[in-house]
Amino acid sequence: MTSPSTVRVGIIGTGGISQSHGRAYQRIPGVEIVAVADIIEERAQKAAELWGARHAFSDYRELLALPEIDAVSVCTFNQAHRAPVVDALMAGKHVLCEKPLAAKLEDALAMISAAKASGKILHTGFWQRWQPEVQTARRIVQSGQLGEIYYAQMIGGDRRRIPGGSFLRKDFAGAGPTVDIGCYDLDTFMFLTGDPRPVSVSGMISYHLGKSLPNVPTDWGHVPADVEVEDMGTAFVRFENGMVLHFMTYWAAHADSLGPSLLLGTKGGLQLSPKLTLFRDEFGVVTNVEPKLPVVQDPQRMHPLCPKPRSLSMLCALAARLPSTSKVFCTVN
Ligand SMILES: NC(=O)c1ccc[n+]([C@@H]2O[C@H](COP(=O)([O-])OP(=O)(O)OC[C@H]3O[C@@H](n4cnc5c(N)ncnc54)[C@H](O)[C@@H]3O)[C@@H](O)[C@H]2O)c1
């Protein structure tokens, strides 16, 4: 049943991750999936049947031409985000774009310019911001318990978890773990530390393991000869406020772990992974605080766009229903 307050959405790209968007939108009252589009027509048809969408297109521009659509999810490959995002914004739709926003800086800048020019919301699906760990870490940082943060390390990856298919192709993915999973860590760091301004970056990417190692059971079926992207990326970043960040992201390494992610401050330290822990000197002794985080009963609810709290916040942001402070919290620009 639709009403004037119904939010009408379209989904562009109906591959793997679009399933989470479709499921989430279906579970939020007052949201209707009106149309879907995919260059593979049968995929679009199948998704339209699954989600009860009235239209299935092979050209996303036909979807954008529907005046009743308020917002779109863009779930295409990284290298195919720019055109539908810019066109959707210029067609007056709010946009939720899958992460990473882009694999190339120029693409991201074009999308942000389009968002500013159109006045519509461009939101990147950085769902980790809604994880209890990250929300709690943010509250701890904002409370001042860490003092002045002078060093951070964001380290994420697996000893072996090399994906397959389009993730390994430069023309589809753009790059490897640096954009695939590293973008979450960078976003979390910026979210926690208040978007500091970087002034210098020294980095390295490595192509050694993905191209040479045969599959092991924890890999996702990669074919070494098909690997066109890096398997590890690392960087040392200096910020205008004096803070430094050591960033490392990997799909493969000959080590069980490359270390925890943490923030070091003048009054305390905060380990983000594997377990959120606050390190302080208290009562004349060194003290660890391990916050008791909410237990998530239904793992589906923790998926990127499943209902409350994440997808609902995102969708409300898309529909421009939240006050401006919330929008800042949710958007990229
Ligand atoms: N949030 C998460 O947890 C998560 C997980 C996996 C992937 N992703 C991101 O989601 C995006 C898609 O990944 P995926 O795994 O679903 O890929 P996928 O290959 O399964 O799906 C991409 C779909 O986009 C379609 N497509 C490509 N160009 C198009 C265009 N111009 N118009 C319409 N359709 C087009 C393809 O035909 C394909 O069906 C990537 O940016 C990826 O990084 C996010």
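Colleague: Which residues of helix 2 are called buried in this predicted model,?

Modeller: In helix 2, residues 41–51, they are A44, A47, A48 and W51. The term requires 20 or more other C-beta atoms within 10 Å of a residue's own, and these four residues are therefore classed as buried.

Colleague: Why are the buried residues said to line one face of helix 2?

Modeller: Viewed down the axis of helix 2, they fall within an arc of 100 degrees, so they line one face of the helix. The face turned away from this buried side carries E42 and E49, which are exposed.

Colleague: What covers the buried residues of helix 2?

Modeller: The cover includes helix 1 (18–27) together with strand 1 (7–12), strand 2 (31–37) and strand 3 (55–57). After helix 2 comes G52, with a positive phi near 70 degrees.

Colleague: What is the order of the six strands in the open sheet?

Modeller: The order is 3-2-1-4-5-6, and the pairing is parallel.

Colleague: Why do strand 3 and strand 6 stand at the edges?

Modeller: Strand 3 and strand 6 (122–124) each have a single partner strand, so one side of each is left without a neighbour in the sheet. On average, neighbouring strands of this sheet are turned by 25 degrees against each other, direction ignored.

Colleague: How do you know that strand 1 and strand 4 pair?

Modeller: Pairing requires at least two bridges, and strand 1 and strand 4 (residues 71–74) have four, in the parallel sense. The bridge partner of G10 in strand 4 is V72.

Colleague: Which residues come nearest to the ligand?

Modeller: Of the 26 residues around the ligand, these are G13, G15, G16, I17 and E98. The shell comprises twelve nonpolar, nine polar and five charged residues.

Conventions
Residues are numbered from 1 along each chain as its sequence is written. This is a predicted model: local features need pLDDT of at least 70, side-chain atom pairs count only at pLDDT 80 or more; totals for chains, interfaces and linings use all residues. A residue is near a molecule or strand if its C-beta atom, placed from the backbone, lies within 6 Å of it. Ala, Val, Leu, Ile, Met, Phe, Trp, Tyr, Cys and Pro count as nonpolar, Asp, Glu, Lys and Arg as charged, and the others, Gly among them, as polar. A residue is buried if 20 or more other C-beta atoms lie within 10 Å of its own, exposed if 12 or fewer, and partly exposed in between; C-beta atoms are placed from the backbone. Helices (H or I, at least four residues) and strands (E, at least two) are DSSP runs, numbered from the N terminus. The arc is that of the directions from the helix axis to the C-beta atoms. Two residues are in contact if their C-beta atoms, placed from the backbone, lie within 7 Å. Axes are lines fitted to C-alpha atoms, for helices over the stretch in contact, and angles run from 0 to 180 degrees between N-to-C directions.
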